[in-house]
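Okay, everyone, thanks for coming.

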Amino acid sequence: MSDGPFYKVKLDGGRILGPIDLDRIRQLIGNGQITGKETARRYPEGDWVDVNSIEEIAEILVKKAAGESLGGNAGQVDVEAKTTIISVQDPAIPTATAVAQEDRTMVLPSGASTTPQPPGPPEPTGVPESFSDESEKTRVVSHEEPASGASPADQDDGKTQIHIPADKGDSGPNIAHEKTVFLDRSKLGQETSTTITQPQGLSGKIEVSRKNLIRGIMAVIAMGLAIQEVFFPEEDTNSKVRSVGWIKPQLPISASTGTDPQKSIALFQKAIPFYQLDTVGGYQGAAALLLESISYDMQNAKAIALLASSYINLFDSSVRDENALVVISKLLERARALAPSYLETVVADVEFFVASNRFEAAQSRIVEYTKNKETPEPILFFYLGYVLASRGDFAAASRQLSQIPDARAQTPRILYLRGLTAERLGEIDVALVHFQKVLKISVNHARSRLRIAELLAKKGQLKDASPFLDSLVNETGTLPPRERAIAFYLHAQLNSLFQKWNYALADAEKAVRLDPENHDYLLEMYSLRAKLGGASPEFQKEAKMYVYLSEGEKLIKEKKIQEALTEFLKARQANLSSAIPLIRIGDMFYARKDMVNAKLNYTQALERQPANFDVAAKVIQTLTASYEWEEAQKTLTRYRSSQMNPSQLDRLEGDLYFAQGKIAEAAAAYKKALSRESIDSHTYVAFADSLAMLRQFHAAPFYYSLALRFDPQNTQALIGLSKCLASSESIDRGVEILQEELQKEGVAKADILSALAEFHVQKGDLQIAQQYVEQAKGISPDASEPYRIQALIHLAKEPEKTAIPKALLAYKLYQDRSLSDPSSYIERYKLFVKRGDLKLAEEELNRLVAIYPRYPNAHLYKGQIAMNYGNLKLAVTEFDLELETYPNSAATLLAMGRAKIGLNLAGEGLRFINQAMALQPRDPEAKIAAGWGNYLIKNFAGAAALFEAAATLDPGNSDIFKRMGMAYREMGNREQARKAFRKYLELEPDAPDRAEFQRY
C-alpha cells in the first residue's frame, strides 16, 4: 500500500471515495470519474475544499484538460527536489539542552529543600515582528491566494504560517514582501517537525511560476463552480473540525522497577517548565512526566497535586466523561490525605473548585492556607485573582494581581489573567501589552493570540490582527470549538476587508459549523452568500434568499423574534427548493417550544437534504420532544449506520431515554457521548441534568460548570447548577449563584429572575418572589416562565378557593406564550379536577392531545374522568388508546383492570392487573386491585394472600384490612377475620360501617 499522502473525494452525487492515494486519483481522473467538479480533503486532518484547491490534484486535472499523459509520477509535485528541509524543535516541548540555556523563577514555588528552581523553557521563536527583535527567525515568502472557493486555512502544508505585512497599506495580506513565521504544528508529543522554505535560485522561480500557472488555469475552471458551491453548501454541513492530541486522564501505577524517590523528584522538576507554559502541549508534557514521577514514588504529593491540576487545565483537550472526573477527584483526595498544607495541593483544589463554580470554597481554601503564614507566596495573589475573575469581579481581581511583584509576574498565566482583567475593565491598550508579553514567553499561547486579534478588531485595526488570525485558523487542538469559531469569524471579516469573498465565506462557514447557534456568524455567512450570488444572474433567486436570511439574523440580534420569523418565511418563498430557510424557521419554533411547527419545518428540510445529519438530529430532537418516541427511535437507528457525529447520536439516544424517564440509561448514553472528541455544551447540560435527577450532586455541578465554560450564556446550565447547589448545599447558595450572574451583561435576565422567584417560593419568601416575577415580566413581556411562577405564588399564598382561579389564569397566560409546552395543560387539568370541574379538565386534555396525540398518560387521565362520570365503556376505550402507545404503562394497566372489573369482567380485569403487578411488584394499589378481583371470582385464599402482601407495603391503609377480613370471613377463618377487622377499626375509628364489623 502507498505511504501517502491520502485523500478523500466527494463525488458529484454525494458518494465519498477514500482514503485513496494520488496514483488512484490519477486513474480516476484518467477515466473521467473525477472531473474537477468535486470536493476533496487531505486525509485524515484536512477540511473539505474544492478539489481544484489541492495543488497536486489540480496539476493532474490540468494535464487531463491539456491532453497530456497522466502516467508515472508526472502529476506529483516534487517537493523535496526544490526545497530545503529545516528541523525545528517544538517550542511547546522544552528539551534538556534548551532548558539548560536559561534560568527562570518557577511560577509555582515548591520548597527549596526538594524542588530547586529549575531552568525555564527556551525563549520561543515565531513571535510577530512587532513583539520580537529576532527577525532572523522569519522567512520571506510570497503570500499567494489559493484557488477560488478555498480558504487560506485550507492550504495546509503541515506547518503554521503567521504572515506579517511589511507595511500598513491597504494592499491586503497578499503583498509582495511579507514575512512568514513558521510555527511547528505537528502532533503533540512529537519532538521535531519539518518546515519548507523556498530556495532563492532560478529553479525556485520556475517552480513558483509553474504553480502559479496551474493555479491560474484551475482558477478559471473552478470559478464557474465557486458561486454554485456558495448556494448549494448543504452536502458539506457535516464536516467537523477535528481536535488532535486528546488525552485520557488516568491514575498513576507503581513502576515495575520499584520505588525511587530521587528519580521521582527529578521527573517532577523536569515537568515544571512544561506546566509553566500554560498551553495544551505544555500541560500534556507535564502530565506525562508527572505520571512517571508518581510511578517511582506513590507518596509524592506535589506531583499528584500538579497532575490533577494538569488534567483540570487539559479538560478542553481530553476525554471528558465521568471517568475523567473520578480520576481528578481521586488524585485530589490523595494529595489532601498526604499533604493538605502543600501549596501544590491548594492550587489543585482551587482550580477544581473554580471549574465546579464553587467560588466560595476556592476562596476559603486560599484564606485557610494563608492563616499561619506571615508572608504569603506571590502565586496566591494570582489564584485569588483567578477566583475573583472567574466569578466576574474583575476590579477586585486586578487589585490582587497588582500585589505580585513584576519580577515574579513574567509567566503566561499571570500575564494572561492581567490582560483579561484589564480588557474587562476597558483598559484595551494595557491588555494588549500583557497579551503580547505572554507571546514572548510562550509563542503557542493560542488564547493570547485570539485576545490580541479580538482587541485589535475592536479598535478598528483588524488588518494588524492578520498574523494572529492566520496562525489560529490553521491550527487544531489549541482552542476549544467556540473560541476557534471566533478566530474564523474574525478571519472572515479580515478577508472581506480585502474583498476576498470566497475566502471570507469559507471562514464564515467554518465559524458556523463550530458554533451553529451564533447569530453573528450566521449573519456574516448569509451576507457573504448574498453578495457572491448577487453578481450572477443565474443565482439571483438564491441571493435574494440569503438577503432575507441575513435580515432575519439582524432582527434576532435586536430581540425582534416575530419580525425575524417573517424574514425567514420570505426567504423560504424566495427559494422553495432550499432547506436552509426551513431549518432556520424550525429553529425559531423549537426555541419557542412549538414542537409541532418545528417538526414540520425540520422534516421538510430533511426531505430536501436527506444526507444532512445536523437536520436529521433536529428531526430526532423534535420527535423526542413531541413524544413520538417510537418514530424517534426508528430514525435514530437508521442514522446509526451513517456518518453522523457519534457524540451527537449518543446524546440523542440519551435525550430519548431521559424523556421516557429512564434516567440511568440516559446518563450512560451521555457518558458515552462525552467520551467522543466532538462535544457541544448541550451534552454537558444533559449529563448534569441526569446526574442531578439521580441525586449525584457531587458530580453534577462540575458538568454544569463545563457547559458554562464553553458557553458562558447557557442559561439552562446556569439554572441547573443553581438548583443542584440548592439541593446539595442550601437554597441560599442557589440564590447567590443567580444573583451574581444577574449582574453580568448579555444574560437572559427574565429566565434568571424567574428562577430566583421560584427559589424564594420554596423558601416561603412570597413577597420577594413576587417582586422578581414583576421584574421578569417588565424585562420580557413575552416570556412565559414568570407566569408559571406566578401560579405557584398564588397557590402558596392564598386559600385554595381564591388561589385556584388566579393560578388557572396565570397558567393560561403562560400557555398563550408557550402554546406547545404541555406542562400548562397538565397543571390546569389538575386544578380543574381539584375544583371538581371535570368537564373543563377534560377540555384541557383534549387541547393537549390535539397537539401531542402520544402525550404520556393523556388518555389515562381522560379514562379516569370517564370513570368518575360512571362511563366505564368510554374509560376502557381511552385506556385502550393509551396502551396502544404505552403497552407497559402500569398505571393504565391497573386502571383498565379496575374498569373491566366494574363491567363485571373480573377475569379480564385480573389479566391487566397481573401485568401491572409484574411491572411494579411493590405497588400496594396493584395488589389491592388483584386481591379484590380474586375475591370477586371467589378465590378467597388468593385474595387474602394478596391483601396480606399489600398490608406489608402500606400498613396505614385501612381499606386493605377491611377487605382482608372479608376474604378470611368467606374462608371461614374467623380468627384472622377478627384481627383484620379490628385493625380496620383502629385505623378508622369513625368508619360508617363500624357497627357491622365491631361484632367480630
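First, a salt bridge here is a side-chain nitrogen of Lys or Arg within 4 Å of a carboxyl oxygen of Asp or Glu. By that rule, we count 51 salt bridges. Glu360, Arg391, Glu729, Arg733, Glu736 and Glu740 are joined in a network of them.

Quick caveats: this is a predicted model, so local features need pLDDT of at least 70 and side-chain atom pairs pLDDT 80 or more, while totals for chains, interfaces and linings use all residues. Numbering runs from 1 along each chain as its sequence is written, and side-chain values use heavy atoms, with hydrogens and water left out.

Now, helices are DSSP runs of H or I, at least four residues, numbered from the N terminus. Lys862 pairs with Glu878, closest N and O atoms 3.7 Å apart. Lys862 sits in helix 38 (residues 858-868) and Glu878 in helix 39 (residues 872-885), so the bridge ties together parts 16 residues apart in sequence. Buried or exposed? Both Lys862 and Glu878 are buried, meaning under 20% relative accessible area with a 1.4 Å probe, protein chains only.

Glu785 and Arg788 also form a salt bridge, at 2.5 Å, N to O. They're three residues apart in helix 34 (residues 785-797), about one helical turn. Arg788 is buried, at 18%.

Last, the helix pair. Helix 32 (residues 749-763) packs against helix 33 (residues 766-779) at about 165°, axes 8 Å apart; those axes are lines fitted to C-alpha atoms over the stretch in contact, with angles from 0 to 180 degrees between N-to-C directions. So the two helices are roughly antiparallel, which takes an angle over 145 degrees.

Notes:
Parallel < 35°, antiparallel > 145°, perpendicular 65-115°, else oblique. Buried < 20%, exposed > 50% of the residue type's maximum accessible area, 1.4 Å probe, protein only.
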